[in-house]
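Below is a short briefing on one protein model. It covers the overall build, the sheets and the salt bridges.

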Amino acid sequence: MFFLRRAAVRKSGGSSAEGAGAFANSGVMIDSSVQVFAGRAAVSGYLLKVEQALAAADFQGRESELAQLAAFSAHDVPVDHPGAGYWRWVAPAWAGKSALLAHFVLRPPPGVDVVSFFITSRMAAQNDAAAFCEVVQRQVYAMLGEAEPLTTPATRDEQMLLALHRAAQGCAARGRRLVLVVDGLDEDRGVTAGPDGHSIAALLPRVPPHGMRILVAGRPHPPIPGDVPADHPLRTTRIDHRLEPSPHARAARWDAERDLLRLRDGGGLGWDLAALTLAAGGGLSAHDFAELTGSPARLVERELSAVNGRSFRRRSGHWTSAGPHLFLFAHEEIRRGAAELFTDQELATHRSRLHRWADSYRRAGWPEETPEYLLRGYAQLLHEQGDTSRLVALACDTRWQERLWQVSGAALEALSAVSAAFDLVLADGGRRGDQDVSVALRLAAARDGLHDRTAPLSADLIALWARCGHPARAVHLAESQRDAWDRVAALSAIAGVMAAAARLDQAAALLDGADSTEARDRFLAAIAKGLADSGRTAEALRTARRITDPELRAEALVAGIGALATVARSAAAAQETAGNRGANAVPWALEGVDAVMAVPNTISRSALGASLAAALSRLGEHRRALALAERVVASSADSGDTVRRAQYLALFARGMSTAPGLAAQAAEFAVTSAQLAADVNDPDGVSWVYPEVAAGLEATGHHQQAIDLGSRFLNNPEESLVEIGIAAAEAGDLDRALELTERITEPVYRARVLNAAGRTAAGFRDAVQTLRLARDAREATDEVPYLH
């Protein structure tokens, strides 16, 4: 069983809702000893982007330069040589730096493995340290053939550097060389971000490890970001090598400029395409252009084909590579040159066309075929142009938010639009000397609505996305939680899933993001439970000892001892099975008893005590199990509150029912609990207790009584059905649990039961059924009506 007492205590204080919250949120996580989804090696599509958007269509010449790079990559250099391992091409714009490096990246010399990043402002999110770390890390893990670990802003840099170190070490061990290529250091946003900026240059190791080479390129006399150490090779000129402008690059420049002039002189559709690309900031597809210009799509595609590769380049979409290609200017200098050919009035006219186009999709309710630009690039355009009224309207449009959610899988993009709108509103108010409170309140309501969209999803249902092979979406959902407590709950649940699936590096990355001792304890508890469910009991128990919070420590210890009881049916067998790994069952059990009895919260102590007693009984320690059960029951027996007594007895019944040796006593507790609940004078006032009592009945085999109790006392019997279904799944009766899901209409309730059923299937070592149930649960969460 799982106990989320803290969320209930925080929300309900010491009221009777405390217990209901704890129980209502239990048993919904699919952590198990079965790895539900196979470890997927990272896959990087960056080379495709290099080929599509950066490589020269007809690369010529540069034989001498390529030979120099091959020699630089192959030859060893003294480690004490200043700048050893670095090479910097220095050349003005249009010299052919990017084309040369793109050719090198796509066709590296024999024995060389290349990881690359091309810094550019022409493609969104490709010119800062965050993008560099993400892109490089994905390439490295694809090279290593491993799943890419999760990262947080606090661990992003070190994760990327560790990945490079491992890749360089692996290449050296195989007699190969790792080369990191970084083009366009002068376009790094960290250069101009001020003294507090974080640059890509500062992330490059001062001494490349294991013979790694670092190849960079930029314009002459580039400003060095302030965060680059004083002794870094980038601060010297010893690594500089002048790159003579390529006649082919000059020819490409002339061709591109002629293309622009031809488009300008010819007017018509071609010039419209250039103007719209400049006005929009790039990111429009051929279909988008056709809609904006009113021209047949075939004509647009023909016009784009005529200039593609010189003035324009195309790239894949941000969220999917299966969608239409998006077009942008082929070079930053082309974009700048195009800007000089248009008047401000002309650009304003084309932006007005973009606004009318966006309005047409808004009136249609932002349908499924809404272009990517209107979901991503348009908000950026409005922010850059300072168009407060339009950005506020867009950010507050619930249908736009819903479409963005469906495409991206999270609320972060929409929240960014709301934040950008807030910035404009505050700036406008500062200029006027007053603030528009009504607009600020409207944005606040939109922000709250975006946070509330994930409120129906418990932490464990968010973690379910990670279980199904979508850890990034799980993290995005977790980070969308408004409340810090809920964010930590979701992220720690994801860490538990990662630990259960043997993704300890990813679990550790999330743990490293904890910003307090309290949060760290929650992460450790989740990781310990994940380790326990995957059969690594010794690691789970050692992790539990690192926890300082008494209740979380007890939860983790009980999970570990329960895992020992699962792998062996006696203390002696458990010691024989796990003793070599330091998991002697009896001492751990005694430590668990002490930890449980030290838990201050009576409800949590009751549930944990019952689960630990069941584990002891399954280990053959019946005397200790009965003694613990008596201690726990006695510690809660002094409550004169009938409802509380009913709740405690239901918890005892549910926890102890998993041990055959305690089954009779558990059944007695369940029946007594139901009798007490039935005699309550004001059942509507304590409706929270009936789902718990029904779950106790279900766990002890009183199936019909459990159903009848919920139908009799609850206005919404589904509140009871969900707990009955989870109890049935925990008892191993998957057929009954799945039958109950057919009677549940509320998507979140149905998902919780399916999630619990998947957990049990994992315990049965049925990976196929586990994954199927996990996906069914995930699909049920997609049915939640987040916005109304």
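Which side chains meet in a salt bridge at 2.7 Å, N to O? Those of arginine 736 and glutamate 698 do. A salt bridge here is a side-chain nitrogen of Lys or Arg within 4 Å of a carboxyl oxygen of Asp or Glu. The model is predicted: local features need pLDDT of at least 70, side-chain atom pairs count only at pLDDT 80 or more, and totals for chains, interfaces and linings use all residues. Residues are numbered from 1 along each chain as its sequence is written, and side-chain values use heavy atoms, with hydrogens and water left out.

**Overall build**

- The protein has 38 helices and eight strands. Helices (H or I, at least four residues) and strands (E, at least two) are DSSP runs, numbered from the N terminus.
- Of the 788 residues, 55% are buried. Buried means under 20% relative accessible area, exposed over 50%, and partly exposed in between (1.4 Å probe, protein chains only).
- The exposed surface comes to about 32,400 Å². Carbon and sulfur atoms supply 50% of it. Areas come from the Shrake-Rupley method with a 1.4 Å probe; for residues, only the protein chains shown count as cover.
- Take the contacts between residues at least 6 apart in sequence: 72% of them join residues at least 24 apart. Contact means heavy atoms within 4.5 Å.

- Five strands form an open sheet in the order 2-3-4-1-5, with parallel pairing. Two strands pair if DSSP finds at least two bridges between them.
- The edge strands are strand 2 (112-118) and strand 5 (240-242), each pairing on one side only.
- Neighbouring strands of this sheet are turned by 20 degrees against each other on average, direction ignored. Axes are lines fitted to C-alpha atoms, for helices over the stretch in contact, and angles run from 0 to 180 degrees between N-to-C directions.
- Seven bridges pair strand 2 with strand 3 (residues 177-183) in the parallel sense. Serine 116 has valine 181 of strand 3 as its bridge partner.
- Helix 4 (residues 63-74) packs on the sheet and touches strand 1 (86-90), strand 2, strand 3 and strand 4 (213-218). The direction of helix 4 makes about 160 degrees with that of strand 1.
- Helix 7 (residues 156-173) also packs on the sheet, touching strand 2 and strand 3. The direction of helix 7 makes about 140 degrees with that of strand 3.

**Strand 3 in detail**

- Seven of the seven residues of strand 3 are buried.
- In a regular strand the side chains alternate between the two faces of the sheet.
- Both faces of strand 3 are covered. Arg177, Val179, Val181 and Asp183 lie on one side, and Leu178, Leu180 and Val182 on the other.
- Valine 179 stands opposite valine 114. Valine 179 also stands opposite arginine 213 in strand 4.
- Strand 3 and strand 4 run parallel and are joined by five bridges.

**Antiparallel pairs**

- Strand 6 (residues 284-285) pairs with strand 8 (residues 326-329) in the antiparallel sense over two bridges.
- Strand 7 (residues 312-315) and strand 8 run antiparallel, joined by four bridges.
- Leucine 326 in strand 8 has serine 285 opposite. Arginine 315 stands opposite leucine 326 too.

**Salt bridges**

- The count is 20 salt bridges.
- Arginine 736 in helix 36 (residues 734-741) and glutamate 698 in helix 33 (residues 689-699) are 38 residues apart, so their pair links distant parts of the chain. Arginine 736 counts as buried because its relative accessible area is 16%. Glutamate 698 is buried at 2%.
- Arginine 174 and aspartate 113 meet at 3.4 Å, N to O. This pair also links distant parts of the chain: arginine 174 is in the loop between helix 7 and strand 3, and aspartate 113 is in strand 2, 61 residues away. Arginine 174 is exposed at 52% relative accessibility, whereas aspartate 113 is buried at 15%.
- Arginine 62 and glutamate 65 meet at 3.2 Å, N to O. Arginine 62 is buried at 8% relative accessibility, and glutamate 65 is buried at 15%.
- Arg654, Glu723, Glu730 and Arg752 are linked in a network of salt bridges.

**Helix 15**

- In helix 15 (residues 377-385), Gly377, Tyr378, Ala379, Leu381 and Leu382 are buried.
- Glycine 386 follows helix 15, with a positive phi near 65 degrees.
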